[in-house]
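Here is a short tour for anyone meeting this structure for the first time. Have the 3D view open and follow along.

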Amino acid sequence: MDAIPVGALIIGAKLFIIVNGLLVIAAYLVYFERKISAWMQNRIGPNRVGPLGLFQSFADVFKLWTKEDIVPAMVDKRYHLIAPLISMTVAMAAYAVIPFGEYYVNGANIMAVAPGINIGILYILAMSSIGVYGITLAGWSSNNKYSLLGGLRSAAQMISYELSMGLALIGALMISGSLDLVEIVKAQAGGKWNVIFQPLGFLIFLVAAFAETNRAPFDLPEAEPELVGGYHTEYSGMKFGLFYLAEYVNMFTASCLMALIYLGGWDIPFLYEQLAGIGIGQGNPLLGFIQFGVFFAKVVPMLFLFYWVRWSLPRFRYDQLMNLGWKIMLPLALANILLTGTGIMLLKHFGIM
Amino acid sequence: MNIQHNIESERMSFWEKIYLPEIGRGLALTFKQMFKPTFTRQYPEEKWIPTGSYRGRPVLVLEEEGERCVACGLCSRVCPALAIEVRAAETDKVKERYPEKFEINMLRCIYCGFCEEVCPEEAIIMSKDYELVFINPQDAILGKDKLLIPIAQLQDRLEFLRQYR
């Protein structure tokens, strides 16, 4: 038997860390969602399980594991089973290309699962489009009219907002000149963050990201008052838990993307020059941790924004959602591309870029 | 004619139609709320003590000489949920009558307070006890042993009844 190649071992270790880390992060996102919503409503929030209620989410997941998994008699059993798996798998697959830093060992960036993939953003967009299959299949296979409506809404909403999202990204891509997320972050080095040059693009991406992750005020697929829970009405136990965790993983993905593409990733002006000055440069493992910390410090405010908006704004009506998507966001995204293109052409013409 | 005037979109100003400033105002409001004091009571540790006006579990008043109840049966008669059962008996004491059996079925009681209102002796009154948990239907039928409460513990309610009734 041949020895297992070292590369495969490293990839395996990365996958192990990413998958388990994501599950823990998703669990704690649920905890913080409950805490922050409680604070916004003058409540305390979960505080019983463990110190400050920190083990609440583990208790919740354990409860979901031990609950009976009810499969209604008339559902399409195959797709009913596959749908939550698709949701979760696809949500996690996006992390193959998301880099958490730029620390090289033997010439390979070890802060990403699959570093140096030159279709980074395209891959993430593709994955988030497949995510809609999970929700739509769940709605369809449940054999329940409300679930079906939820699934249909989800499909329509995702298609409408995916367009604006992609077009908003094009502005940032024109500036960076690459689809590779590491390259995009490099292009923003030294405080040239895309959010400064692309405020409109950032806003459109933000709104589209809310819609993509099915978060309020765009959580129409699961609108409780209208659709009794929407696509996950007929799910119970850990299958429901998978949808639930997938929603939070998607939220984390969207926050990572915003941090990477618009907020400069792990870049802070002058920080790395200073660090290199005191000996923390490439080759010092501390650099990787610092980059990860900086990156995380940018992701957390984005996550807070997700919670904040969810607990402040009421849900859109369906026609308002479609109006916003097609009549406002899409033209604005196109205008953004035009503006960016003109700006780049002018800057090149005058020789500034 | 299907022409509407003064509809919402006409009443809104330009900045309201832009929608973003209004979102900002909404977000500011919720953000401010995060730093305000909470109103949560940590229930099993911090218990709420009701005032005299609270209608909790109905109880029988126990004086030094014995219970006040003379087993007239009015409470049983007036009870809309048929929760009270009284069986009278006689004694040689001054009061002559006492309830040999007095049972309230707490699964039936609706805490309306009619028994208290109708009682001529002020013998059955509503207490402050709201922690009513039973693990089987038999336990929920409270007999005299559980119903009789010393008068000292019921002063708030008696005070309230004297003042407002």
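In which hand of crossing does H3(A) pass H10(A)? The crossing is left-handed. Bear in mind as you look that this is a predicted model.

**Helix pairs in chain A**

Let's stay with that pair for a moment. Helix H3 of chain A covers residues 77-93, and its axis lies 8 Å from that of H10(A), at an angle of about 25 degrees. An angle under 35 degrees counts as roughly parallel, so H3(A) is roughly parallel to H10(A). On the H3(A) side, the residues that meet H10(A) are A:Pro84, A:Leu85, A:Ser87, A:Met88, A:Ala91 and A:Met92. Their partners in H10(A) include A:Lys239, A:Phe243, A:Ala246 and A:Asn250. Sorted by class, this contact has 10 nonpolar, three polar and one charged residues.

H10(A), which spans residues 237-261, also packs with H1(A): here the axes come within 9 Å and cross at roughly 100 degrees. The two helices are therefore roughly perpendicular to each other. H1(A) brings A:Leu22, A:Leu23, A:Ile25, A:Ala26, A:Leu29 and A:Val30, while H10(A) brings A:Leu245, A:Tyr248, A:Val249, A:Met251 and A:Phe252. What classes of residue turn up in the contact of H1(A) with H10(A)? There are 11 nonpolar residues, with no polar and no charged ones.

Now find helix H4 (residues 120-141) and helix H5 (residues 145-176) of chain A, whose axes are 7 Å apart at an angle of about 170 degrees. H4(A) and H5(A) are therefore roughly antiparallel to each other. Among the residues in this contact are A:Ile121, A:Leu125 and A:Trp140 of H4(A), along with A:Leu148, A:Met158 and A:Leu169 of H5(A). The class count is 11 nonpolar, eight polar and one charged.

| Helix pair | Angle between axes | Axis distance |
|---|---|---|
| H3(A) and H10(A) | about 25 degrees | 8 Å |
| H1(A) and H10(A) | roughly 100 degrees | within 9 Å |
| H4(A) and H5(A) | about 170 degrees | 7 Å |

**Where the chains touch**

How many residues does each chain give to the contact? Chain A gives 10 residues and chain B gives 11 residues. On the chain A side, helix H1 (6-40) and helix H12 (285-310) are the elements that give two or more residues. That side divides into seven nonpolar, two polar and one charged residues.

**A sheet and a loop in chain B**

Over in chain B, three strands make an open sheet in the order S4-S1-S6, with mixed pairing. Strands S4 (124-126) and S6 (148-150) are the edges, each pairing on one side only. On average, neighbouring strands here are turned by 55 degrees against each other, direction ignored. Strand S1 (residues 58-62) pairs with S6(B) in the parallel sense over three bridges, and B:Leu62 stands opposite B:Pro150 in S6(B).

Last stop: B:Met106, in the loop between strand S3 (97-105) and helix H5 (114-118) of chain B. B:Met106 counts as partly exposed because it has 18 C-beta neighbours inside 10 Å. Leaving aside residues up to four places away in sequence, B:Met106 touches B:Arg57, B:Leu132, B:Phe134, B:Ala140 and B:Leu142. From B:Met106 to B:Pro44 is 62 residues in sequence and 22 Å in space, C-alpha to C-alpha.

How values were computed. Residues numbered from 1 in each chain as written. Chains lettered and ligands numbered in written order. Predicted model: local features only at pLDDT ≥ 70, side-chain atom pairs only at ≥ 80, totals over all residues. Axes fitted to C-alpha atoms, helices over the stretch in contact; angles between N-to-C directions. Helix = DSSP H or I, 4+ residues; strand = E, 2+ residues; numbered from the N terminus. Parallel < 35°, antiparallel > 145°, perpendicular 65-115°, else oblique. Contact = placed C-beta atoms within 7 Å. Nonpolar A, V, L, I, M, F, W, Y, C, P; charged D, E, K, R; others polar. Pairing = 2+ DSSP bridges. Buried ≥ 20, exposed ≤ 12 C-beta atoms within 10 Å, placed from the backbone. Left-handed = near helix turned anticlockwise from the far one by under 90°.
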